[in-house]
Amino acid sequence: FSECMTSITHTMSCTKMEDCLIENQTTFYSKAEHYWKEVPPTVDGMLGGYGSISSIDINGSKKFLQKFLGEVQGKTGTGCALDCGAGIGRITKRLLMPLFRTVDLVDVTQEFLDKAHTYLGEEAKRVENYFCCGLQDFQPQPERYDVIWIQWVIGHLTDDHLVEFLRRCRSGLRPDGLIVVKDNVAYEGVIPDDVDSSMCRDLNVLHRLVARAGLNIICEEQQQNFPEEIYQVHTLALR
């Protein structure tokens with residue numbers, strides 16, 4: 001699933017994601033797939049019309065991530081990263097490619113991955129794998145990744161599927177590896193978005209799901225300088 005920015009347009013909230021899902025899980029996922037198939041394969045499309053914030057986003061992510069990277073013991077390596085919900089490769093191109101030797105991309109929309117080949121240009125040769133797969137079904141290769149970057153996509157997973165996916169990500173990390181989740185955060189409860197078939201969770205809900213996955217939060221920050229009309233965005237480093 002690709003990145004998405006969602007304006008605050010819903011007032012209904014719930015405390016558990018599944019309580020919000022009137023339809024079954026199959027419909028929840030298929031509606032999202034259909035939504036993204038209609039989105040143009042551009043940076044503006046990936047960001048739901050907020051393409052102007054891309055540089056602010058990338059700069060914040062780079063500052064956050066570089067605190068953990070290094071070649072000395074205890075630091076996270078720079079060999080291989082995984083971009084989850086990669087879309088056309090906006091994050092791969094601007095954040096991950098400059099910091100890692102190789103990158104893998106996973107996204108549910110084949111058209112986006114096809115576009116990534118040209119969008120990434122000459123650097124596309126450092127992409128080892130393009131996986132077309134929903135994250136609820138994706139199995140990272142064990143101990144392959146130094147960093148697994150998961151941005152603006154966890155709202156497309158049910159609570160149970162998110163917990164299971166994070167557990168699989170943990171097994172996909174190299175020693176001292178890191179999972180980074182960067183996403184919209186609701187003020188309270190869980191807010192559904194019927195347009196793209198997703199959910200926005202508050203921090204308490206997200207923290208509980210991370211704990212269920214057996215992961216610890218080693219750093220958490222709020223992204224600064226985003227437009228006021230969109231959700232707060234938080235970045236969590238997990239291992």
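Which residues in H8 are buried? Keep that in mind while you set up the view.

**Start: colour by confidence**

This is a predicted model. The chain has a mean pLDDT of 92, and 90% of its residues reach 70 or more. Now select residues 4–11. Here pLDDT stays under 50. The model still has 29 contacts beyond four places in sequence for residues 4–11.

**Stop 1: helix H8**

Select helix H8 (203–212). Its buried residues are Leu203, Val205, Leu206, Leu209 and Val210. They sit on the same side of H8, because they cover an arc of only 160° around the axis. Turn to the face directed away from that buried side. There you find the exposed residues Asn204 and Ala211.

Next, show what the buried residues of H8 pack against. The partners are H7, E5, strand E6 (190–193), strand E7 (198–201), strand E8 (217–222) and E9.

Check both ends. At the start of H8, Asp202 places a side-chain oxygen within 3.1 Å of the backbone nitrogen of Asn204. After H8 comes Gly214, with a positive phi near 80°.

**Stop 2: the largest nonpolar core**

Select Ile148, Ile150, Leu166 and Ile179. These have the most contacts inside the largest nonpolar core, which has 33 residues. Elements giving two or more residues to this core include helix H2 (25–37), strand E1 (80–84), E4, strand E5 (173–185), H8 and strand E9 (232–238). Helix H7 (159–171) is also one of them. H7 supplies the largest share, five residues.

Zoom in on Ile148. Beyond four places in sequence, Ile148 touches Leu82, Cys84, Cys169, Leu173, Leu178, Ile179 and Val180.

**Stop 3: helix H6**

Move to helix H6 (110–119). Which of its residues are buried? Select Phe112, Leu113, Ala116 and Tyr119. They share one side of H6, since their arc around the axis is only 115°. The buried residues of H6 pack against H2, helix H3 (43–46), helix H5 (90–96), E2 and E3. Just after H6, look at Gly121, where phi is positive, about 60°.

Now centre on Leu113, in H6. Is Leu113 buried or exposed? Leu113 has a relative accessible area of 1%, so it counts as buried. Leaving aside neighbours within four places in sequence, its contacts are Gly87, Leu105, Asp107, Tyr130, Phe131 and Cys132. Draw a distance from the C-alpha atom of Leu113 to that of Tyr130. The two are 17 residues apart along the chain, and the separation is 6.7 Å.

**Stop 4: the annotated positions**

Finish with the record. An unreviewed UniProt entry lists Gly85, Arg90, Asp107, Val108, Thr109, Leu135, Gln136 and Gln151 under "binding site". Among these, Asp107 is also a contact of Leu113.

Pick Val108. Where is Val108 placed? It is in the loop between strand E2 (102–107) and helix H6. Val108 has a relative accessible area of 10%, so it is buried.

Then pick Gln136. This residue lies in the loop between strand E3 (127–132) and strand E4 (145–151). Its relative accessible area is 13%, so Gln136 is buried.

Technical notes
Residues are numbered from 1 along each chain as its sequence is written. Side-chain values use heavy atoms; hydrogens and water are left out. UniProt positions are given in the numbering used here, feature names are shortened, and annotations may be inferred rather than shown by experiment. Helices (H or I, at least four residues) and strands (E, at least two) are DSSP runs, numbered from the N terminus. Buried means under 20% relative accessible area, exposed over 50%, partly exposed in between (1.4 Å probe, protein chains only). A nonpolar core is a set of buried Ala, Val, Leu, Ile, Met, Phe, Trp, Tyr and Cys residues joined through side-chain atoms within 4.5 Å. Contact means heavy atoms within 4.5 Å. pLDDT is the predictor's confidence in each residue, from 0 to 100. The arc is that of the directions from the helix axis to the C-beta atoms. A polar contact is a pair of N or O atoms within 3.5 Å; within protein, one must be able to donate a hydrogen and the other to accept it, and residues adjacent in sequence count only if both atoms are side-chain atoms.
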